[in-house]
Amino acid sequence: MRRLAEVLEAISGTTSKIAKRDLVADYLKTLTDEELRIACTYLTGSPFPAGDGRALNVGWSAIVEALLDVSGATGEALDQVYLRHGDLGAAAYDLLHQRRHAPLFRTPMTLPAVDAAFTRMAGATGKGSRQVKIDGMRTLLSDADPLEAKYLVRIITSDLRVGLKEGLLEEAIAKAFDVPVTTVRRANMLVSDIGMVAVMARHGNLDQATLTLFRPFHFMLAETVFTPEEAFALTRADGDRPESLLVEDKYDGIRAQVHHDGTRLAIYSRTLDEITPSFPELHGDLRALGHRYILDGEIIAWKDERAIPFSALQQRLRRKDPSDLVGTVPVVMFAFDLLYLDGEVLMDRPLLERQKALRGLPLGGAVQSAMWTVADNPEQLASQFREARDRGNEGLVIKRPTSRYQPGRRGRQWMKLKEELATLDVVVVAAEHGHGKRASVLSDVTFAVRNGDALVTIGKAYSGLTDVEILELTRWFQQHTTKDLGRVKIVEPNIVLEVAFDAVTRSDRHESGYALRFPRIKRIRDDKTADEINTLDDVKRIFEHQGESRGGLSPKLAKSAKGER
Ligand code: ATP
């Protein structure tokens, strides 16, 4: 653990991507297979591999309790160092550094020992589990030196803060074991376990990486288009000349990946968490499909053959036991892709073929095929868009018939056309007390979009959240304040919001150079991380296209479609 902590410290000390990559590559070469697997997971800032299914669930207060206990510091001292750094890891470093009675004999902290401790802590559930977790934290922190503690805490809170993206780790693995980075990336897409990929890279068997049932992988995503013409123009620009594009309704629900092996059934969310118990009414029809399969689709709240607003579904997601809402907020799943069938990986087959295989399954009941058609030109696409809206859906997802399934990629193979082009995913960077009955809560938030590695502010919102959500966020903001400016708290950039607005305007008030007119919060995007928010380039594109489309044809084509000149 000491070496890993030193490497992480060195990585955070340089901004050069090449230097970071080389530091990691040199380190990885020195490890045993077991250490390599664990170290790579920790280098992604996570205690367990993505898609592994385990979660530590060690709350902030449990870490703090253990830290105070081991360091002997007072709560006040902790508050002070925390406010200075805005980071619990750095606070742990300071407090352990200052502790009066450092232990004479510490058990050296190996990576397998940390892994075993994490496994024990994750395994504790139900009554008494909090105590097991605090005891686990206490043992880890007592054995750790200050630098180890700093990074242990950061791994436990999944916030490494050293500027090492997973893409760079993939490059380091490629360099360490002299294999092409494209092979490393592909293997990682398929198995969603970078540690396992690193071990395979070392042994030269990356080509054996394949989809595995009950090991979820990242979803293929779509690029935004603003007009029907743009969908065709982008396709042509890529040198593709499809006769037609596949067009599906864009359902406004939650993305889901279903794995089934004939007996076991698992539903995974976009964050690769298992959400099977949340949707009991889907289980029967998903099992009835038979076969061993992995399918991709959207779960939506659905009543009387129409989608009901996402907020209803959100209500269900918040419940541990959804049974009392199954009647009032029933769900269905619209399946639109099939990635694995009876031992065969279909990912590299053209979409048209995958969908044919999907429709060969006995879909029905609560598991239906997504509404689909084809479009040969922008005018057709525009009327299909209006029809999808009339059915109560968000818009269209337009897919190239030849597209392969590319996990985790947002590309132009799939494009989305929405009515409300005016929503952005942003991250909260500051929160402030509201007025009147909201004076005691942090209800007014300042948010930012991404510009390269930096975050630039673009607006402030006061409305759109429920009182319960505001209360929950207030608690989170209080615990994750990095700088307390009195009324305003600068907070860790972690909470992703989807905001709607009427227009983008130029503005000197915000760092981005733009502002949103009448911004309102549509929902909290728990399923997204700050890495996935919209970028300044997206804002510029919206600024340039606004007023032009709203999902319809550009003014020129709209006129000609109506026979006007
Ligand atoms: P949004 O915020 O617009 O929902 P997103 O950022 O969550 O988009 P994108 O990949 O950009 O994700 O947009 C595609 C999303 O639309 C998918 O993640 C999926 O949840 C949803 N979706 C709904 N219907 C479909 C469909 N027929 N095919 C693919 N994705 C669909």
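Which residue in strand 7 is the bridge partner of Ile-299? Select Met-333: that is the partner of Ile-299. Before moving on, note that residues are numbered from 1 along each chain as its sequence is written. Also, this is a predicted model, where local features need pLDDT of at least 70 and side-chain atom pairs count only at pLDDT 80 or more, while totals for chains, interfaces and linings use all residues; side-chain values use heavy atoms, with hydrogens and water left out.

**Stop 1**

Select residues 293-303, which make up strand 5. Helices (H or I, at least four residues) and strands (E, at least two) are DSSP runs, numbered from the N terminus. Strand 5 is largely enclosed by the rest of the structure, because ten of its eleven residues are buried. Here, buried means under 20% relative accessible area, exposed means over 50%, and partly exposed is in between (1.4 Å probe, protein chains only).

Show residues 331-341 and you have strand 7, which runs antiparallel to strand 5 and is joined to it by nine bridges. Next, show residues 254-260: this is strand 3, also antiparallel to strand 5, with seven bridges between the two. To find one of those links, pick His-259 and look across to Ile-294 in strand 5.

Finish with residues 306-307, or strand 6, which is antiparallel to strand 5 and has two bridges to it. Lys-303 has Arg-306 as its bridge partner there. Strands 5 and 6 form a hairpin with two residues between them, and Asp-304 in the turn has a positive phi of about 50 degrees.

**Stop 1: the ligand**

From Tyr-251, a backbone N or O atom is 3.0 Å from a ligand nitrogen. Arg-255 has a polar side-chain atom 3.0 Å from a ligand oxygen. For Arg-525, an N or O atom of the side chain is 2.9 Å from an oxygen atom of the ligand. On its own the ligand has 590 Å² of accessible area, and the protein covers 95% of that (areas by the Shrake-Rupley method with a 1.4 Å probe).

**Stop 2: helix 12**

Jump to residues 194-202. Is helix 12 enclosed or open? With seven of its nine residues buried, helix 12 is largely enclosed by the rest of the structure. The buried ones include Ile-194, Val-197 and Met-200, and the buried residues pack against helix 3 (33-43), helix 10 (166-177) and helix 11 (181-191).

At the N-terminal end, Asp-193 is the cap: one of its side-chain oxygens lies 3.2 Å from the backbone nitrogen of Gly-195. After the helix comes Gly-204, with a positive phi near 70 degrees.

**Last stop: Thr-457**

Select Thr-457, in strand 15 (residues 454-461). Thr-457 counts as buried because its relative accessibility is 12%. Leaving aside neighbours within four places in sequence, its contacts (heavy atoms within 4.5 Å) include Val-429, Phe-447 and His-510.

Technical notes:
Pairing = 2+ DSSP bridges. Polar contact = N/O pair within 3.5 Å; in protein donor to acceptor, adjacent residues only side chain to side chain.
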